[in-house]
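Welcome! Take a look at the model below, then work through the exercises one step at a time.

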Amino acid sequence: MNSFIAYGKQWLDDDDIAEVVQTLKSDFLTQGPKIEEFEQAICKYTGAKHCVAVSNGTAALHLAVLALNLGNGEGITTPNTFVASANCLAYCGLTPAFADIREDTCNIDLVEIKKRVTDKTKVIVAVDFAGQVADLEEIYDFAKSKGIYVIEDAAHSIGSSFADGSKVGSNKYSDLTTFSFHPVKTITTGEGGAITTNDEKIYKQLLLLRSHGITKDPAILSQNPGPWYYEMQDLGFNYRITDIQAALGLSQLRKLDKFAARRREIVDKYNKAFAKLPNVVTPYEKPGVGSAFHLYVLKIDFAKIGKTRKEVMEELRKNNVGSQVHYIPAHLQPYYQDTYGYKVGDYPVAEAYYEQCLSLPLYPKMTDVEVNFVIQKIKILVS
């Protein structure tokens, strides 16, 4: 294989470029009409009532927690995630707590959530790991019975659906949903993110917090001496997305179902090829759930194959095949150990998963030749 096969990669075509160029030639590069158009398109696709596009997925998580105005307390998330899912709690003055994962889906386990909930718990951030929705129907019912908010971290799962057919982002089983549009995700805006909600009060707070806490809305100004006037009514941030990014997002969103279908094809090829291999476990899918599959994670018993993960990754790299590890458990990061006292052994299922996981290349632009080449190299390495 002459060209490098990354673990994840964007797919841009002439339509995407034309959309961006058209915006570059327009009157607005930022704070213009393309942003609202992108937000409305996300609402139409997901079924949500409101959407706020922001600068990146981490900003989306931060504002989602901040808009709830939770005060002091605790928030629960999974250890099997990128650190942003926990950091957003710390940003807002909450103590990040973790609940271990299910061994099969690698998503947060409701049984473990129930063990961790206290009278200080204010919010649960449930991550749709690798694109498969977490058990949000059950998590949301439990959370509502306890007066706890639910944020669905859907950085991996735009285009995925629940067993009842409702789309991720509809907020049927959450108070807010956050998305990421980083280039390795299913659709991209370069960098970018979004939040959906069906609560108008939360929506208006998100709009305020996205842009410095400043408003010019005459309906909520304390006074209105003239057209120049604005008020900073809260301590917000500059988390705005640009019209350039929104234009790209609109073009990409039109192709989302095509991208998800191609991801599904590649996953099916991998599953068929690896199903009977010894010492490996292919990803489990809950029946009825539609996963857009951001990641394809193979669990490998490295001890039994007689190779370390480092050796496997280096050998793949020599053959122009990229791979990655998703994720180092968040509670094992030095900051979380030093600040909150987390340690090895606190979340054994997530830690055991981490010892065996390896993400293989998965993106819609992969050719069948590239997919077959990855399969061939994996079979050689794990045999």
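**Exercise 1.** Which residues make the nonpolar surface patch of about 330 Å²?

*Solution.* Start with the ground rules. This is a predicted model, where local features need pLDDT of at least 70, side-chain atom pairs count only at pLDDT 80 or more, and totals for chains, interfaces and linings use all residues. Residues are numbered from 1 along each chain as its sequence is written, and side-chain values use heavy atoms, leaving out hydrogens and water.

Now find I17, V21, L24 and L29, which make the patch. Patch residues have over 30% relative accessible area and no salt bridge; nonpolar side chains (Val, Leu, Ile, Met, Phe, Trp, Tyr) are joined within 5 Å, like charges within 9 Å. Areas come from the Shrake-Rupley method with a 1.4 Å probe, and for residues only the protein chains shown count as cover.

Next, pick out L24 in helix α1, residues 14-24. Helices are DSSP runs (H or I, at least four residues), as are strands (E, at least two), numbered from the N terminus. L24 has a relative accessible area of 46%, so it is partly exposed (buried means under 20%, exposed over 50%, partly exposed in between, with a 1.4 Å probe and protein chains only).

**Exercise 2.** Describe the salt bridge between D175 and K144.

*Solution.* First, the idea: side chains of opposite charge can pair when their charged atoms come close. A salt bridge needs a side-chain nitrogen of Lys or Arg within 4 Å of a carboxyl oxygen of Asp or Glu. For D175 and K144, the N to O distance is 3.1 Å. The pair links distant parts of the chain, 31 residues apart: D175 is in the loop between β5 (149-153) and β6 (176-180), and K144 is in helix α6 (residues 136-145).

Then compare the two partners. D175 is buried because its relative accessible area is 15%, whereas K144 is partly exposed at 38%.

**Exercise 3.** Is R102 buried or partly exposed?

*Solution.* Begin with its partner: R102 and D104 meet in a salt bridge through their side chains, at 2.7 Å from N to O. The relative accessibility of R102 is 19%, so R102 counts as buried. D104, at 30%, counts as partly exposed.

**Exercise 4.** How many salt bridges does the structure hold, and which residues are linked in a network of salt bridges?

*Solution.* The total is 18 salt bridges. To see the network, locate E19, K34, E37 and R254, which salt bridges link together.
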